[in-house]
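Open the model in your viewer and keep the selection tool ready. This tour moves from stop to stop.

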Amino acid sequence: MTTMTTDTRAALQRYMVMQSASQAAVAKALNYSAAALSQYLRGQYQGDVAEVETRITAFLAREVSRAETPSAAPAGWVATSTGMEIVGLLLRAHRLHEYALVLGEAGVGKTCTLENYAQTSRGVVFVRCGLSSDRPIYLVRAVAEKLNIRVPTDVYAATRAVMAALRGTDRLLILDEAQRIRGRSLEWVRDIYDECQCGLVLSGNDVVQQMVYGDGQAAFAQHSSRVANQVQINNANLTLDDVELLAGHALDKTDTASRAALLEIARGRGGVRTMLKSLQLARELVAQPSEPMASLIQRAHSHRGFAQ
């Protein structure tokens, strides 16, 4: 047994204990099977041990680097003004079994708020619509998976199974990235709402509003007449209080210039997501002598391809 093997094995075992990481999770990160990693840890691996240890060393180095670079993003959901507006709509749709829309640009925090509500409220079915959601059978299967039920491959039979699972349950069905729902899938959504009488929220960009309302044509009234409520989230509505909630922990308490710079970024393209990514990069840039944090933020934003 070589010293490197002993040291590498011990380092990995210490990491797994300190991080409460399972062998299965670590093996997946290393792109090995759990059985292969188990054999290595017991000194019984018959394959290329040097390659295993090269991957382990690189993995542990990345983990140390991550630990030394704390995230600029807040831990968990933050109750910003826009987030609370969305929560108000969700509570109403859930309580009154309403059909509602959450509309807004990318990066404003819609998905984070929806996921937090789903995790902290009973009876919520949260589905992030994939690229295949324009085909009813894939949307049906996505909802069925979240309901933890198995459904037939036939669309009609699968739909009846989903309806049976939703009907009379006082659930709220949230379909995020709903701009990916088109044509017959959108009609399927309407059928689910009519048959099950549960709350329904479609969330996405402004394409969702066009899907539901069209340009006022009568053909769209089947959907638009059912919508009881909607919120339109706009980056321009973000405030300094929101910046404080989202990023204040990463700034000096008296640094008003950085807060103003972050607010300007948050009100632009990409919203809160862009603001937090630029702040993260700013914290990692090498500052010039006496360079203030606000300047670092602007430099970082520029490095990410956004004009100052």
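Which helix gives the largest share of the lining of the largest pocket? Select α6, residues 110-120. With five residues, α6 contributes the largest share of that lining. Keep in mind that you are looking at a predicted model.

**Stop 1: the largest pocket**

The space inside comes to about 650 Å³. In total, 30 residues line the pocket. Now pick Gly107, Val108, Gly109, Lys110 and Cys112, the lining residues that lie nearest the pocket centre. Colour the lining by residue class: eleven are nonpolar, 13 are polar and six are charged.

**Stop 2: the sheet**

Next, show the strands. Five of them form an open sheet in the order β2-β3-β4-β1-β5, and their pairing is parallel. Select β2 (124-128) and β5 (227-233) to find the edges, where each strand pairs on one side only. On average, neighbouring strands are turned by 15 degrees against each other, direction ignored.

Zoom in on β2 and β3, where β3 covers residues 172-176. Five bridges join the two strands in the parallel sense. Select Val127 and look across: Leu175 in β3 stands opposite.

**Stop 3: a helix on the sheet**

Select α9, residues 183-196. This helix packs on the sheet and touches β1 (99-104), β3 and β4 (199-204). Between the directions of α9 and β4 the angle is about 155 degrees.

**Stop 4: an aromatic pair**

Finish with the rings. The structure has three aromatic pairs. One of them joins Tyr15 and Phe59 in an edge-to-face arrangement. Their centres are 5.4 Å apart, with 85 degrees between the planes. Show the helices around them: Tyr15 belongs to α1 (residues 3-18), Phe59 to α4 (residues 49-68).

Notes. Residues numbered from 1 in each chain as written. Predicted model: local features only at pLDDT ≥ 70, side-chain atom pairs only at ≥ 80, totals over all residues. Heavy atoms only, no water. 1 Å grid on protein atoms, 1.4 Å probe; cavity = no way out; pocket = protein on both sides within 12 Å on 5 of 7 lines; lining within 4 Å. Points joined across faces, edges and corners; volume = space filled by probe spheres on them. Helix = DSSP H or I, 4+ residues; strand = E, 2+ residues; numbered from the N terminus. Nonpolar A, V, L, I, M, F, W, Y, C, P; charged D, E, K, R; others polar. Pairing = 2+ DSSP bridges. Axes fitted to C-alpha atoms, helices over the stretch in contact; angles between N-to-C directions. Contact = heavy atoms within 4.5 Å. Phe/Tyr/Trp six-rings, centres within 6.5 Å; stacked < 30°, edge-to-face > 60°.
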